[in-house]
Number of protein chains: 2
Amino acid sequence: VQVAIVTLDGFNEIDSFVANSIINRAKGIRAYITTPTPTVTSLNGVEATGQRPLEFTAEADVVLIGSGSKTVEHVRDTDLMARLALDPERQWIGSQCSGALVLARLGLVDGRPVCADATSRPFAEAAGLTVLDQAFHSEGRIATAGGCLAAQYLAAWTLLRTVGEGEVRRALDYVAPVGEENATVERALKAVG
Amino acid sequence: VQVAIVTLDGFNEIDSFVANSIINRAKGIRAYITTPTPTVTSLNGVEATGQRPLEFTAEADVVLIGSGSKTVEHVRDTDLMARLALDPERQWIGSQCSGALVLARLGLVDGRPVCADATSRPFAEAAGLTVLDQAFHSEGRIATAGGCLAAQYLAAWTLLRTVGEGEVRRALDYVAPVGEENATVERALKAVG
């Protein structure tokens, strides 16, 4: 199972790297930081080199759209959006925070409520979306998460839908704060279940 | 207030980037990914460009040592360790997971128990350390955290000791999953309090 973690310029490090790191703790699945240019710079000025080009989104089994400080600009970039060739019949597709704006732009959340963070919320509402007061929501093959650390829920959903609950438990048990393993696993399974 | 997030080759992305991103949400403080070489590669193969050289640790007010898959090798590298000029009388110093091995190598946790993740634990015990069954422990100016997502506690401790509880609350409220803001803030304050 291959996962594209779409990471654009101005990206939020927690959103992209928490999902990437948790998914890569599981067996039978592999996540890649997927970028439109060879390198991208985070909202805190950290430059990261992409592991896959944006066109990898066409072949991935799961595509997770990260968040960032420039998403409003990115969704207006027709060339950039055209490089995201997603198939909601075949792929599992998720977004983190402002990534919901990308899903909206691609017509993937028409008529569905979404999750997003407080900063992205007014932009999502201006785009006609209904934003839920919760961290995670999924319908069919589409999921949205709100709040940076909800990236662990997006990772849990990805693992649950592809490699199963055992791998969710194993991966989250590993990354949880020591002594909070069970609480972390159960909170995530409840959020995505 | 300046914070060096020491990020070595083989680094764990959650450890370095969660702390960096949370700290940079607060006012009056700034964290930088601090590396021994211009670029470092994570344990999942993501290349990141450092924002400060390792020598920045000498002037920073806070130094947090990240974790990774090669820490055992790094602590044997005398030249690398010599570039970490830390002052426990002036600086706040913390470690995440296997970063405790670096603190031990620098003589900063002599006679003190530490926190570390399950994978690092046997190496820490082999180095003569007592590892606690909890996510966070601090004594004076030294703190250790265990389990990747305990990086939020290391960030909370950093903010609490430098810019105060108001900024801890503001930063964690921002990064928490939507609807879990209070629980996230209170859990962190309890862990570091």
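In chain A, helix 2 (71-76) and helix 4 (99-105) each supply at least two residues of the lining of the second largest cavity. The helices (H or I, at least four residues) and strands (E, at least two) are DSSP runs, numbered from the N terminus. A cavity is a set of points, on a 1 Å grid over the protein atoms alone, where a 1.4 Å probe fits but cannot get out; a pocket is an open set with protein on both sides within 12 Å along at least five of seven lines, and lining residues have an atom within 4 Å of a point. This is a predicted model, in which local features need pLDDT of at least 70 and side-chain atom pairs count only at pLDDT 80 or more, while totals for chains, interfaces and linings use all residues; side-chain values use heavy atoms, with hydrogens and water left out. Residues are numbered from 1 along each chain as its sequence is written, and chains are lettered from A and ligands numbered from 1 in the order in which they are written.

The second largest cavity holds about 70 Å³ of space. It is lined by 15 residues, and A:Leu8, A:Gly66, A:Ser67, A:Gly68 and A:Thr71 are the closest to its centre.

A search of the whole structure finds seven cavities of 30 Å³ or more. The largest cavity has 14 lining residues, of which A:Gln152, A:Arg187, B:Leu149, B:Gln152 and B:Arg187 are the closest to its centre. Both chains contribute: helix 6 (151-162) and helix 8 (181-192) of chain A, and helix 6 (151-162) and helix 8 (181-192) of chain B, each give at least two residues to this lining.

The largest pocket has 20 lining residues, with A:Gly68, A:Ser69, A:Ser98, A:Thr119 and A:Ser120 nearest its centre. Helix 2 of chain A gives the most to that lining, with three residues. Around the second largest pocket there are 18 lining residues, and B:Gly68, B:Ser69, B:Ser98, B:Thr119 and B:Ser120 lie nearest its centre.

The table lists volumes (the space filled by probe spheres set on grid points, which are joined across faces, edges and corners). It also gives lining classes (Ala, Val, Leu, Ile, Met, Phe, Trp, Tyr, Cys and Pro count as nonpolar, Asp, Glu, Lys and Arg as charged, and the others, Gly among them, as polar).

| Space | Volume | Lining residues by class |
|---|---|---|
| Largest cavity | about 90 Å³ | six nonpolar, four polar, four charged |
| Second largest cavity | about 70 Å³ | five nonpolar, eight polar, two charged |
| Largest pocket | about 280 Å³ | seven nonpolar, eight polar, five charged |
| Second largest pocket | about 230 Å³ | seven nonpolar, eight polar, three charged |

Chain A has an open sheet of seven strands in the order 5-2-1-6-7-9-8, with mixed pairing. Two strands pair if DSSP finds at least two bridges between them. Strand 5 (52-53) and strand 8 (136-139) of chain A are at the edges with a single partner strand each, so one side of each has no neighbour in the sheet. Strand 1 (residues 2-6) and strand 6 (residues 62-65) of chain A pair in the parallel sense over four bridges, and A:Ile5 stands opposite A:Leu64 in strand 6 of chain A. Helix 6 of chain A packs on the sheet, touching strand 1, strand 6, strand 7 (92-96), strand 8 and strand 9 (142-145) of chain A, and its direction makes about 175° with that of strand 7 of chain A. Axes are lines fitted to C-alpha atoms, for helices over the stretch in contact, and angles run from 0 to 180 degrees between N-to-C directions.

Contact (heavy atoms within 4.5 Å) between the chains takes 41 residues from chain A and 41 residues from chain B. The area buried between chain A and chain B is about 3200 Å², with 57% given by carbon and sulfur atoms. Buried area is the accessible area (1.4 Å probe) that two parts lose on being put together, summed over both. A:Asn44, A:Leu149 and A:Val178 supply 20% of the area that chain A buries against chain B, more than any other three residues.
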